[in-house]
Amino acid sequence: MKFNIHGKKVEVTEPIRKYIEEKIGRLDKYFENPSDVTATVVVRIRGIEQIVEVTIPIQKMILRAEESHSDLYAAIDIVSDKIERQIRKNKTRMNKRTSKGEDLGFDLSFDEMKEDEESNIVKRKEIEMKPMSEEEAILQMNLIGHEFFVFKNVESGEVDVLYKRKDGNYGIIETK
């Protein structure tokens with residue numbers, strides 16, 4: 001696996017770089033051609049938190065995880081485990097896609113980890129789409145106490161998703 005490692009507001013020293021390459025590099029066993037895979041790792045600091053963000057684009061999927069911790073090495077360990085858990089947890093779904101002829105670039109011959117979590121739909125909700133402004137959507141989301149809100153944007157006429165970011169700001173996913 002190739003690495004693109006850089007820091008924001010922090011210098012990525014050689015020991016940190018080696019630790020990242022060692023921890024994220026153990027994911028090589030999950031890829032058919034690990035030499036074709038490039039992992040982008042961003043190390044940031046926010047207050048006393050050390051944030052590690054890993055993005056691994058592969059053919060038709062993107063593996064991504066972000067973790068913050070007061071100890072940088074602990075954050076690297078946790079983010080590496082998160083990505084490995086994503087691969088293992090979704091092995092069955094990926095097998096279905098490869099059986100349809102899609103090549104995802106994964107070596108799916110590993111033993112499937114039994115997770116306690118079942119990925120079943122446990123609740124279905126029907127909502128009425130009222131056209132509203134982004135400011136009104138923020139107000140509505142805060143009133144119901146959710147981390148996201150689906151609404152019809154009065155300006156574009158499209159369905160958008162408003163979400164609360166970890167930094168306390170808001171983001172919008174626009175549909176076409």
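I took helices (H or I, at least four residues) and strands (E, at least two) as DSSP runs, numbered from the N terminus. The model is predicted, and I kept to local features with pLDDT of at least 70 and to side-chain atom pairs at pLDDT 80 or more, while totals for chains, interfaces and linings use all residues. Residues are numbered from 1 along each chain as its sequence is written, and side-chain values use heavy atoms, with hydrogens and water left out.

Entry on Glu 66. I found Glu 66 in strand β4, which covers residues 61-69, and its relative accessibility of 16% makes Glu 66 buried (under 20% relative accessible area, with exposed over 50% and partly exposed in between, for a 1.4 Å probe and protein chains only). I then looked up its polar contacts (pairs of N or O atoms within 3.5 Å; within protein, one must be able to donate a hydrogen and the other to accept it, and residues adjacent in sequence count only if both atoms are side-chain atoms). The Glu 66 side chain meets that of Arg 64 at 2.9 Å and that of Arg 44 at 3.4 Å. Leaving aside residues up to four places away in sequence, I listed among its contacts Ile 51, Val 79, Lys 82 and Lys 166, a contact being heavy atoms within 4.5 Å.

Entry on helix α2. I noted that α2 (residues 72-89) has 18 residues and reaches 26 Å from its first C-alpha to its last, close to the expected 26 Å, which is 1.5 Å times one less than the number of residues. Its buried residues include Val 79, Ile 83 and Glu 84.

Entry on Ile 127. I placed Ile 127 in the loop between α3 (91-99) and β5 (131-132), where its relative accessible area of 48% makes it partly exposed.
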